Each structure stands twice: as C-alpha cells, then as structure tokens.
Amino acid sequence: MKKSYYKIIKECPLLEKYKDEENFEYIPLFKLANKLQEKVSSLMKNNSKTFIENGFDKSYNNLSPYGEGDKNYKNRTIFIIEYQLKIDYTKKDDSNKNISNFWKGAKRGKSLNNNFTSTYQPPSLDFLNLISRAVGYKSFENFCNQYFYNSETIKILILPFFEPTSKSTFVQDLLSYEFNLFQKEELLSLDIIKFVSKNPKEHNNFNCINAKKIGNKQHGDLVIWGRLDQDNTIHTSFYALKPEISFFWNSNPLDLQTFTIKNIQSEFLEKFQKSLLWSTAIRLSLKKEYRKSINIFRKLLNDNYQPLETNLCLAVVYQLKKYPKYVDHHIIATVATAMGVSLKKAKDSMNKIHSLDKLEGSIIDHFTKDWKYLKIEKKPDEKTQIWKLSGIIYYEFVAAIILLGYKEIFTPANFENILQKISEKVENSWFKSIYAEVFATVYFEMGKLKEQRLLRSPEIGPEDIYELYKIAILYSTDKNIHDTCIAFFIKYEQFEKIKNAVNNSDIKSKAIQSLYA
C-alpha cells in the first residue's frame, strides 16, 4: 500500500521534537524547499548563463521567496526539475497545483507560530519524489528519513556523579556549563540535559547497562556518569548510543578514566570536545552538508587529531562531494600515516600496485568500479532500515577497501591493527547491504591472522576462528575464501556443522553450494 504524505512524516524519528508545534507537519516541506534553493545556488556557480536565461537572477538566485510576489516561481521550479532529472514535467496536468501547494506548505513550515485559517492540501507524493530526487535523495521518504534521523544536534545526558556525603551535582553543573560554553564558541548544536533521578539510591548505582537504558529512554546520543571522591578525584564513564557519535574505530576512549577537579576542565573536556566536533562532522556529512563537514574535519586535522581516521573521513566526504583530486590526497595521507612515512613514499608504494596518475576518477572510484566485491547486484532489505546506518557503512566500507586494496604495502602490525578496528565496528545488518562481500573479506582476513597464530598462542582457540570463517563463507562468493575455510573446518572436524549452516543460508550460487555437497 502506498504511504500518504502524513503517514511518512509521522514515522520520521526526529520529527518527534516538533510535534508540539501547531504546524509541525509542514516542516519537511520547509526543509526540502531549503535544500532545493541550496541546489540552485550551487548549480548557478557553473551554469549561471543557462539559469539566467530561464528566469533566475544572478544576484538573487533563490528559486523563490516561497512564491511571494513573483508569478514566475512555478516556471523556475519546473525548470530545475527538468534540468536535474532530464524529464519533461510541463506535460503534467497537476504541475501548477503541486508547485503552488509545495511552496505554500514550505511557507507554513517556516512560520510555525502563525495561525493559518485556510485549508491546505499537500502536494502529491509523486511530485515530492521528483523534488527529492532533484536535490540528491532517492525519494521524499528517503529525504525525511535521512534528514530528520541524522539531526546534527547531539543530545548529551549527564547523570548525577555520586559523592559519598551529599550526593552533590557539582560535576553535573560543571560539565553542563563547559558544554554550553563550548557550543557557543564552536557554533555547534548540543542539547545538554542534567538528568535528575527520582531514586536517590541510583546516584551510586549507575553502570554501563542502566546508563544505556536511561539514555535510550531519554532519546539521548551519549550518556556521561561517574563518581566524585572526597579527595576531589573524578571517575568518569560515558556510553555512545549512536554509531556516528562514537570515535571512529574507537568506541569509548574516555571510558573509566580518572581526573581531578583541576584537570577535568583541560584533559577530559579537551578530548571530549574534539569528539563532539568529530560527531558533528559525521552527522553533517550524513545530511549532505559536505562543506560544513569538511571545515570541521580540516580543523581537527590541523590540530593533528586522529590523523589517520580524519584523513580517511575527509576522503569519504570529498568522494561524496565528487572532488577526486582531494579524495586521492587524503587517501595517500591515510596510507602515509598508517605506514609512518612521508606522502611521497606512500604514493611511490601505492604506484607499485597501480599507477595513481592513470586512474579514471578517484582511488575510491577505481576500487568500486573494478573490484569484484561490488559487481554483485544486491539491494538492501528495506525491513532492516539500512538507511539509518548507510552513511556509517560507507565510511567503514572505504576503510576496508583501502586496507585490503593496499594490503601488501602495510606492515603486518598496521594491517592487523586497522583490520581489527574495522571488524569491531561491523553490524550484523550490514551483511544485508551491497557491501556484504567486503565485510566478509574483512572477517576472512582476521580469521587467517588468528589461524597463523593458533599453534603459538594459548589465548586463541579454533572456536574463535570458526566464527570468523563462518561469517566469511556465508557472505562471500570468492571460491578461494571458501577453499581456505573448508580446509580449516575439515582439519578441526567442523565441516558437517558448517555444511548445515550453508544449507540453511541464503547462498544461491550453485558453484558455492557444490563445495559443501
């Protein structure tokens, strides 16, 4: 059954915060109109003559001030749809009505506090799908899901810090003050909440489990809690509730660290503030606010903050923005940082694998076009709501293809270190995406490294390798991977067990199935 406009917006996770507003249902139209006007401004930089010929003013290149005082806004709206999608929209009988209703709704979304007396009919979903596609989304529903799920506002929940004598809120107040000051300095969007427990006994009972439970109940992005001792020592913990809030490749770097009153404002907050900048940059990229995201990542890179991961993130954002020259620079910088060598030496090593100067497009384009892992057409399962993690998947996917693509130039220690970090991030739902084969290869490579050390290290058992190889064969179509894994399963008398797993899986390749016959 086709969804209605109102059903789509009521299912958007972060539209919840607008629902107390009388006209909240018009907010998606207002936000989509802003996206459309941003797209026009961007396109006019390189195509101003074409746009001016079609009614756009060079000094005032917005599509329309919400249709006020300008009858030509309908023609301009039609032009941008046709220009972007290469279709003839003028033949649509309801085009004028849909365009008029779209801008009327956008105007209402802009003026939430106004009391509108006239009845309102939203534009058709078919029209909204066209507008959404024109600004880079798959559909209007995809726009709502992406834009409103990936709010750039980071909600921080600060739990009471237990203090033995008075259950003081001193640390709560201190952190709240510093975070509010920081967001004003950096122009970030933070929602700071000092949680007040109704049960005083909870003040010294917070742990990762109940802190996570409270955070989820309050719809938070991360939770901070801890203890203040009588000697003014502060023990801090925090839990990231959303994948993009975590430090890239390092989920909880500040967890269970100890500070004093004197240095919490320097050491703890300095680290934490950079993580907030990082998280904001990730979220901005997921919202397609690439320029803002790049500016924050470059600021972090200038501060030498996590240079390997920050360079990789910049490469991803530039790839999304379609700037191949900058993509390659930051990929080379990523490899150089991982190898501990200069940019020139890293580039020389990469040129031994393929000539960078002869690549069509960026390095990422090269791998995604030619690498066998992406030749399989497999759409994500809609029921898994893969869109919620698609941006994070892409960051990890790029990390994986760069690591696997340049495997031979990394030292074994560097290769294993990065491989381990990627494997720890992979979610089960990601194996329902088009990137499944890449992550299956990551698990296979981890299994191989563990198998090589199996006889030398008492800490590694065959069961550890079994789980890694099991995931590899369930999602890989590479016969060499299956051959290696089968040899291991036979050697450790696990072949029948894995055979049953394959027979009960979704593997459709008869060639692969025959290996387990």
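Author: In this predicted model, T280 belongs to helix α9, which covers residues 261-286. Is T280 buried or exposed? With a relative accessible area of 3%, T280 counts as buried, because the cut-off for that class is under 20%. Once the neighbours within four places in sequence are set aside, the residues in contact with T280 are I154, L188 and I296.

Helix α12 runs over residues 324-339 and comprises 16 residues. From its first C-alpha to its last, α12 reaches 22 Å, close to the expected 22 Å at 1.5 Å a residue. Its buried residues include the run H330, I331, I332, A333, T334, V335 and A336. V327, D328 and A338 are also among the buried residues of α12. Just after this helix comes G340, which adopts a positive phi of about 75°.

The chain as a whole gives the context for both helices. It holds 21 helices and five strands. Of its 517 residues, 51% are buried, and T280 is one of the buried residues. The accessible surface of the protein chain amounts to about 26,200 Å², and carbon and sulfur atoms account for 47% of that area. As for contacts between residues at least 6 apart in sequence, 63% link residues that are at least 24 apart.

Methods
Residues are numbered from 1 along each chain as its sequence is written. This is a predicted model: local features need pLDDT of at least 70, side-chain atom pairs count only at pLDDT 80 or more; totals for chains, interfaces and linings use all residues. Side-chain values use heavy atoms; hydrogens and water are left out. Helices (H or I, at least four residues) and strands (E, at least two) are DSSP runs, numbered from the N terminus. Buried means under 20% relative accessible area, exposed over 50%, partly exposed in between (1.4 Å probe, protein chains only). Contact means heavy atoms within 4.5 Å. The expected span of a helix is 1.5 Å times one less than its number of residues. Accessible areas come from the Shrake-Rupley method with a 1.4 Å probe; for residues, only the protein chains shown count as cover.
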